Amino acid sequence: MAENRPTDPLGEIYAEWTVEFTAAPDMSLPVLRWVFEDWQRATAEPEDVTYRSTSIGGVPGILVTPLGADRDRILLVLHGGGFALGSSASHRKMAGHLAKAAGSSAFVADFRLAPEHPYPAQLDDADAVIDALVADGYAPEAITPVGDSAGASIAIATVLRRLQRGAALPGRVATISPWVDMENSGETIETNDATDFLIAREGLQGNIDRYLSGGASPTDPLVNPLYADFTGFPPLFITASDAESLYADAVRLAERAASAGVDVTFETVSGEQHVWPLQAGRHAPADTSIRRIADWVRTTSSSRVSA
């Protein structure tokens, strides 16, 4: 891992985790899940935002409602954590900052986790939330899936699957530090090892094995969107840091989608850690990226709830 010293709150947390992972290489999955709940420590509590534990479409999660939010629009936040870690609690504050900046509500979904629930359980849950929102009166175009890391894969694959079967599509998809390569082949896993304080190839492979434990292929387009046909996909926002190990995933994702005619907005930041917007309210680059995502959501949003 890196000899560099972290200079931001998230980097410090990742460095602390690495010490623990090194000391306990056989750390159990339940303990890993407890550790990753610590993600929320990087994020400041946003002001004028309320939270309510609820379920949508049978999927539990946290409903995020900023003061004065447009109740006709909603973000479906799909958290990172390698399909096996993370939760609505670990991401609710980041979702609060993003929803407040976008002027909408948000639902942070506690989709089922692998390996207890391998692919496609995560897509099924995201699908169920979207269907329930539409049934409740939301225009599909007013729904925005937002995913970070593995959550980005879930967001993209859910919309790809809806596209394949002719279901109503969300208006846009936003991704942060997307992890989409289930072949674990990205060159920046190696070249950015010295600047990424969290991601290593071995850890990625462990999560891949959990996610695909039901027998899915790592080249299935809904498992690995780098093999997908994006024709007809809605506008896609991608942001990634040039210092993170998964940067190559973001580059290849942008190229793949753009080659199919998708309206892709790809924003690179420099020197930031994996999912750096988790530092919202405590780190200026995180706040800037939150605003950039929210501005993009606003500018691509035109529909409201059906009458």
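Buried means under 20% relative accessible area, exposed over 50%, and partly exposed in between, with a 1.4 Å probe and protein chains only. This is a predicted model, in which local features need pLDDT of at least 70 and side-chain atom pairs count only at pLDDT 80 or more, while totals for chains, interfaces and linings use all residues. Residues are numbered from 1 along each chain as its sequence is written, and side-chain values use heavy atoms, with hydrogens and water left out.

- Asp 8 is buried yet has no salt bridge (a side-chain nitrogen of Lys or Arg within 4 Å of a carboxyl oxygen of Asp or Glu), and the nearest side chain of opposite charge, Arg 282, is 9.2 Å away; Lys and Arg count here as positive and Asp and Glu as negative, without His and the chain ends.
- The side chain of Asp 8 does make a polar contact with the side chain of Gln 279, at 3.5 Å (a pair of N or O atoms within 3.5 Å, where within protein one must be able to donate a hydrogen and the other to accept it, and residues adjacent in sequence count only if both atoms are side-chain atoms).
- Asp 148, found in strand β5 (residues 143–148), is also buried without a salt bridge, and its nearest side chain of opposite charge, Arg 92, is 14 Å away.
- The side chain of Asp 148 reaches the backbone nitrogen of Gly 80 at 3.1 Å.

Helices (H or I, at least four residues) and strands (E, at least two) are DSSP runs, numbered from the N terminus.

**Salt bridges**

- A search of the whole structure finds 15 salt bridges.
- Glu 45 and Arg 92 meet in one of them, at 2.8 Å from N to O, and this pair links distant parts of the chain, with Glu 45 in the loop between α2 (29–36) and β1 (49–56) and Arg 92 in helix α3 (residues 88–102), 47 residues apart.
- Glu 45 is partly exposed, with a relative accessible area of 43%, whereas Arg 92 is buried, at 18%.
- Arg 162 forms a salt bridge with Asp 127, the closest N and O atoms being 2.6 Å apart, and both residues are buried.

**Nonpolar core**

- Phe 230 and Phe 233 touch the most other members of the largest nonpolar core, which has 91 residues (a set of buried Ala, Val, Leu, Ile, Met, Phe, Trp, Tyr and Cys residues joined through side-chain atoms within 4.5 Å).
- Helix α5 (residues 150–165) gives the most to this core, with seven residues.
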